[in-house]
Amino acid sequence: MNNVYIVAASRLPIGKRFGAYKNIRPDSMLASIIKDVVGKVNNLDTKLIEDVIIGCAMPEGEQGLNIGRMSALLAGLPYMVPGITINRFCASGLQAVANAHAAIAAGLNQVVIAGGVESMSCMPSMMGNSMRVNPDFFVHNNADTYTYAMGTTAEIVAEKWKITRDMQDEFALKSHKKAIAALENNLLQDEITPLTINNYIPTADLTSVQTITKEIKLDEGPRIDTSIEKLLELKPVFSAKGSVTAGNSSQMSDGAAALVLVSEEMLKKLNCKPIGRLLSYSVAGVEPEIMGIGPIEALPMALKKAGLQLKDLSWIELNEAFASQALAIINTLGLDEKIVNPLGGAIALGHPLGATGAIKACTLLHNLKRNKAKYGAVTMCIGGGMGAAGIFEAL
Amino acid sequence: MALKNNLVISIGAYINRKLNKPKDIIEKAGESIFNNIEIKTNTQFNIPKVVAVIGSGVMGSQIAAIFANMNLTVLLYDIKQPNVKKILLKTEPAPLLSSLHADNITEYSLDNLESLKLADLVIEAIVEDLEIKKQLYSKIANYLKADVILASNTSGLSINSLANVLPTHLKEKFLGMHFFNPPRYMKLVELIPSSFTNANLLKFLETYLTHNVGKNVVIALDTPNFVANRLGVVSMLITIYHTLAFKLSFEVVDELTGMLVGRPKSATYGTLDLVGLDVFAHTVTTMKNNLPNDPWHKLFVLPSFLQNLINNKMLGRKTGGGIYKKVGKDILVLNIDSGEYTKQNKQLSPFMQEFVKDKSEDKWLKLYTSKDPQAQFLWSIFRDMWHYGLFHLDNMAHNAKDVDQAIKWGFGWYMGPFEMWNKAGGKMLAMGIINDNKEGKTIAKARLPDWVFTTPSLHTSMGSFNAKKLIMEKANSLPVYSKQLLSEKLIGEAKDYSTIVWENESVKLFTLPQVPDVGVLSIKGIYHTLGFKEIESIMEATKIAETKLAAMVIWHPAPFSLGANLKEVLLGIKDKQLSNAETVIKNFQTATRLIKYAKIPIVAACEGLALGGGCEFLLACSHRVLAQESYIGLVEAGVGLLPAGGGSYEMALYVSNLLEENPTLDGWSIMQPIFERIAMAKVSKSAFNAQQMRYAAFSDTILFQAKEILFAALVQAKSMALSGYTPKKTKPVKVLGRMGIANAEAILVNLKKGNFISEHDYKVGRSVAVALCGGEIDFGTIVSEEWVLNVERSYFIDLLNTEKTLQRIKHTMETGKPLRN
């Protein structure tokens with residue numbers, strides 16, 4: 001097996017659904033971050049890139065036509081660089097990193113770009129652009145749980161793991177506070193690359209088109225004005241007497257991230273410094289109706305493969321799909337809350353489905369480095385009943 | 001060719017009439033409805049395009065909403081720039097038709113008057129203070145355009161004294177325009193000219209407010225509180241006076257003076273809470289100050305309990321309590337002795353319990369002879385109201401009709417005070433008043449005018465009584481009223497003339513002399529519910545209309561229809577006669593198909609509720625003329641059923657037609673909102689909303705004036721017949737099938753898991769989805785109408801066969817409310 005190194009990782013600020021990026025195409029967002037991350041690797045001849053592997057949870061509509069290939073072309077990579085789009089729902093971005101790693105480790109490739117993208121502004125509903133539920137789900141026994149909304153599964157997790165409304169709201173508030181603190185202390189400049197966007201509207205005198213140029217520098221999600229009282233006012237969405245609200249669930253968002261992975265041989269050839277590497281990656285299946293607890297299975301599996309223990313980790317990016325599932329995982333695995341999402345999680349920052357895994361990998365690698373720490377993990381639950389976890393080492 | 005000639009004759013006839021050409025030409029086209037209608041009545045004034053409202057309080061902002069609903073440009077002013085659109089959108093009942101209509105309103109501060117120069121009509125609705133109003137008029141006078149119309153929404157201040165501060169050129173363009181709360185729903189507008197007001201302007205505004213805005217106008221005299229509030233407020237003061245005299249509780253008085261006597265449910269004290277005690281106090285003060293010689297003057301004082309409530313800022317609903325107070329789920333009532341809010345006790349006396357059931361015409365006289373305190377109370381308040389109304393009829397309004405209509409339209413009484421007088425036998429009542437007066441029981445000593453004894457009925461076929469001139473006065477004859485065909489008549493007035501084509505105990509098919517070749521089909525019976533007899537009769541009448549008439553209109557006074565006759569449905573199940581139920585449903589489908597595919601155009605004229613089967617009949621017509629206040633919905637799911645009179649097919653057809661136009665459309669994204677609103681039994685909040693909900697087409701006609709829907713429907717039907725109507729043909733539809741049903745089920749699964757819906761809701765919802773998606777077949781299958789109708793019917797029968805649906809129907813029949821089980 002060949003050694004594999006991550007030499008660059010960056011992400012766009014996460015935008016709210018119908019927010020900053022509402023008129024920006026997801027393929028254009030992704031192209032800009034690919035261009036950026038390629039530019040960060042000194043001496044890299046783009047013709048050497050052997051694949052662009054992109055995770056996307058809804059690869060359809062504006063994200064269709066193999067967005068991996070389209071974005072590579074839009075990013076100005078030469079035509080001979082191929083592209084592929086992969087889908088493991090919320091773990092797609094992390095899966096892309098794992099696939100790139102595996103290809104290089106197996107000696108199939110030398111330089112691969114991995115990334116993730118999702119514009120939830122482009123998706124009419126959580127069921128995809130054109131909702132098509134399989135009638136067989138309602139014919140087979142208990143298969144109707146496959147159609148549970150993610151929020152419905154979060155309610156079941158809250159009930160089974162005894163996570164109260166107060167616990168969830170408090171967790172959500174903390175997520176916002178950590179994210180705001182990170183913004184105020186300027187901790188994000190290493191991982192984020194701003195995006196300049198143009199909006200085209202008629203001029204006031206209606207005679208011509210004017211271009212309004214804006215630079216999106218920061219994540220849109222964190223709310224400085226939120227409070228326990230405000231969170232308490234929100235009504236449960238998925239269950240009449242439930243506890244899951246818009247306030248203690250992840251936000252719907254638009255985002256993209258990319259990483260450059262190279263072989264040891266290529267690392268030497270390019271004479272560049274690695275920032276980290278993937279030690280192990282695991283995906284586990286769980287019952288679809290409690291999909292939120294996926295990491296409870298996946299994280300220990302990945303740790304075991306890496307030959308590490310929980311106590312070896314100094315930073316965990318645990319995707320906060322819902323406060324209920326995040327708390328169920330933290331409580332069950334006995335995670336140290338101080339090292340879980342120290343800069344805030346998806347409740348504050350947003351969760352652009354397929355992009356999340358790649359975004360979290362960026363956040364983890366840059367923060368391990370900043371804190372001179374060694375090991376960290378990215379883990380998340382996956383709709384349909386799965387969990388994924390990747391163990392990274394900072395170099 | 002014949003058709004073309006007809007058209008030419010019609011138009012020609014209209015022109016000829018204008019030019020006074022020989023009569024014989026007109027008679028050839030005698031059936032033309034246009035002959036009787038003047039289309040443009042006045043060229044001196046222009047229909048307003050920009051309306052300004054000054055004052056953004058409850059009345060001002062909601063008057064602004066009326067014009068915003070008409071899609072006019074509305075400018076709303078207040079001292080500080082108002083910000084009321086959000087409040088308007090949250091208020092119930094909704095003043096605005098939609099948030100789109102809110103966009104028609106722009107809000108300004110009174111420091112920014114430049115925009116006022118654009119306004120064609122300016123309505124002032126600021127605080128009821130003569131001096132402040134006068135200051136405002138001086139301030140805005142220079143910002144008004146030359147041909148402006150200026151109106152005050154004062155509820156009782158003198159229009160003449162307001163007119164006095166205006167510059168000469170504005171005086172003749174100024175008048176009182178008094179709306180009632182809530183302005184969108186209360187139909188009355190009192191127009192009060194000053195002695196300067198241009199007489200043509202008054203006619204123009206009466207026409208404009210009636211035809212375009214959809215209001216019912218009463219021309220009032222410039223007397224304190226005008227017509228409706230004058231008698232309405234006195235009636236309330238009388239009720240309060242006798243409440244205290246008879247020592248009755250507020251809730252019992254409301255029980256006695258509400259629905260029991262044909263008044264709104266809010267009755268006396270509920271209404272007080274609704275309008276606000278401070279507003280009421282204001283109208284009382286106006287009467288006290290301006291009617292010093294009124295024999296009832298001692299009545300124009302607020303009783304101490306009301307004054308106390310006002311001092312304690314308990315002003316009614318707007319402050320969270322007044323006479324009544326909502327505590328948790330209970331509505332408590334003020335106990336006058338203790339001053340505390342206590343539980344209600346609405347116990348009626350045995351006499352009154354009998355009285356409620358009494359259907360005889362002279363039941364009011366029985367009150368007079370009864371010794372029962374509650375009966376005595378009721379007699380006393382009516383006696384004193386009639387006493388006041390008859391005594392003041394010569395100075396309160398132009399005639400008795402104006403008084404009755406003002407009270408009916410402004411206070412929501414089902415019968416005007418003089419109508420009641422007519423019905424109950426005025427002469428006998430007059431004897432009662434005289435006797436009580438002698439015994440010192442009446443509030444005032446005033447003597448009844450002599451004409452009371454020589455005028456048995458105040459409304460007659462000759463007109464209504466004018467107490468000043470002592471004659472019967474013909475009703476207002478402005479051309480706009482000729483569009484109000486078969487409008488409701490006051491008791492005593494002459495009925496309209498019509499010719500019966502066919503009639504039985506359930507329906508009648510008739511024509512009006514204005515349009516003898518277009519039939520009007522009316523369902524008899526209360527709420528126009530559709531039972532076995534009605535359906536059979538509609539089919540019969542439709543067949544007759546097809547052979548004898550050029551077109552047909554389905555019309556009867558509101559409501560359009562509350563849907564299928566639940567009692568019959570229930571009987572069908574009780575007797576386990578499901579095959580019988582099958583026949584009923586099949587008949588229903590056949591009837592709507594007969595209408596849909598008739599040889600002649602069939603136009604529905606709808607006002608008020610059109611639910612379930614009523615909605616399905618609307619959908620089957622070739623065109624709909626809707627009063628803006630139409631509340632339409634396929635609500636079958638509320639009683640555990642689904643639309644099976646062709647309603648589900650209509651929705652499937654709608655989606656199929658869109659898919660035919662654009663095959664790349666996602667059918668489910670169009671069907672999903674339709675499915676959700678049928679599964680949740682939603683009802684439209686207006687005709688506009690019905691179009692958004694697909695219960696009406698965007699090409700349908702919507703009128704603000706409900707009294708004109710029959711006219712507009714006849715014009716529409718006639719014009720469709722004249723323009724070469726071709727009957728529709730049945731059309732196959734492309735259905736969403738199993739895929740659509742699965743999508744619906746994915747929604748239902750989550751709602752059920754979250755306990756938002758019950759097991760039976762799930763079953764009903766799924767059945768609705770099956771009917772809308774054309775059965776459990778492959779996605780995209782093209783099927784015949786008959787197939788979809790069969791699916792509708794079989795799933796309907798399937799639901800009818802369940803115990804839970806049975807419980808729902810029973811519950812709704814008994815309580816009028818839906819049951820969740």
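Student: Does helix 4 of chain A pass helix 9 of chain A in a left-handed or a right-handed crossing?
Tutor: The crossing of helix 4 of chain A with helix 9 of chain A is left-handed, a word used when the near helix is turned anticlockwise from the far one by less than a right angle, with clockwise counting as right-handed. Helices (H or I, at least four residues) and strands (E, at least two) are DSSP runs, numbered from the N terminus.

Student: And what kind of model is this, and how are things numbered?
Tutor: This is a predicted model, in which local features need pLDDT of at least 70 and side-chain atom pairs count only at pLDDT 80 or more, while totals for chains, interfaces and linings use all residues. Residues are numbered from 1 along each chain as its sequence is written, chains are lettered from A and ligands numbered from 1 in the order in which they are written, and side-chain values use heavy atoms, with hydrogens and water left out.

Student: Back to helix 4 and helix 9 of chain A: at what angle do the axes cross?
Tutor: The axes of helix 4 (residues 150–160) and helix 9 (residues 323–333) of chain A cross at roughly 40° and come within 8 Å; these axes are lines fitted to C-alpha atoms over the stretch in contact, and angles run from 0 to 180 degrees between N-to-C directions. That makes helix 4 of chain A oblique to helix 9 of chain A, where under 35 degrees is roughly parallel, over 145 roughly antiparallel, 65 to 115 roughly perpendicular and the rest oblique.

Student: Which residues meet there?
Tutor: A154(A), V157(A) and A158(A) of helix 4 of chain A meet S324(A), Q325(A) and A328(A) of helix 9 of chain A, contact meaning heavy atoms within 4.5 Å.

Student: OK, what about helix 26 and helix 27 of chain B, how do they cross?
Tutor: In chain B, the axes of helix 26 (residues 647–661) and helix 27 (residues 667–679) come within 10 Å and cross at roughly 165°. That makes helix 26 of chain B roughly antiparallel to helix 27 of chain B, and helix 26 of chain B passes helix 27 of chain B in a right-handed crossing. Among the residues making this contact are M651(B) and L658(B) of helix 26 of chain B, with I670(B) and I674(B) of helix 27 of chain B.

Student: New topic: how many residues of chain A are in contact with chain B?
Tutor: There are 21 residues of chain A in contact with 18 residues of chain B, and the two chains bury about 1500 Å² between them, 59% of it on carbon and sulfur atoms. Buried area is the accessible area (1.4 Å probe) that two parts lose on being put together, summed over both. On the side of chain A, M131(A), R132(A) and F138(A) lose the most area to chain B, together 37% of what that side buries.

Student: Which side chains meet in a salt bridge?
Tutor: The count between chain A and chain B is 1 salt bridge, and D136(A) and R738(B) meet in a salt bridge at 3.6 Å, N to O (a side-chain nitrogen of Lys or Arg within 4 Å of a carboxyl oxygen of Asp or Glu).

Student: Where in chain B is P182(B)?
Tutor: P182(B) sits in the loop between strand 6 (174–179) and strand 7 (188–193) of chain B, and a cis peptide bond with omega of about -5° joins N181(B) to P182(B).
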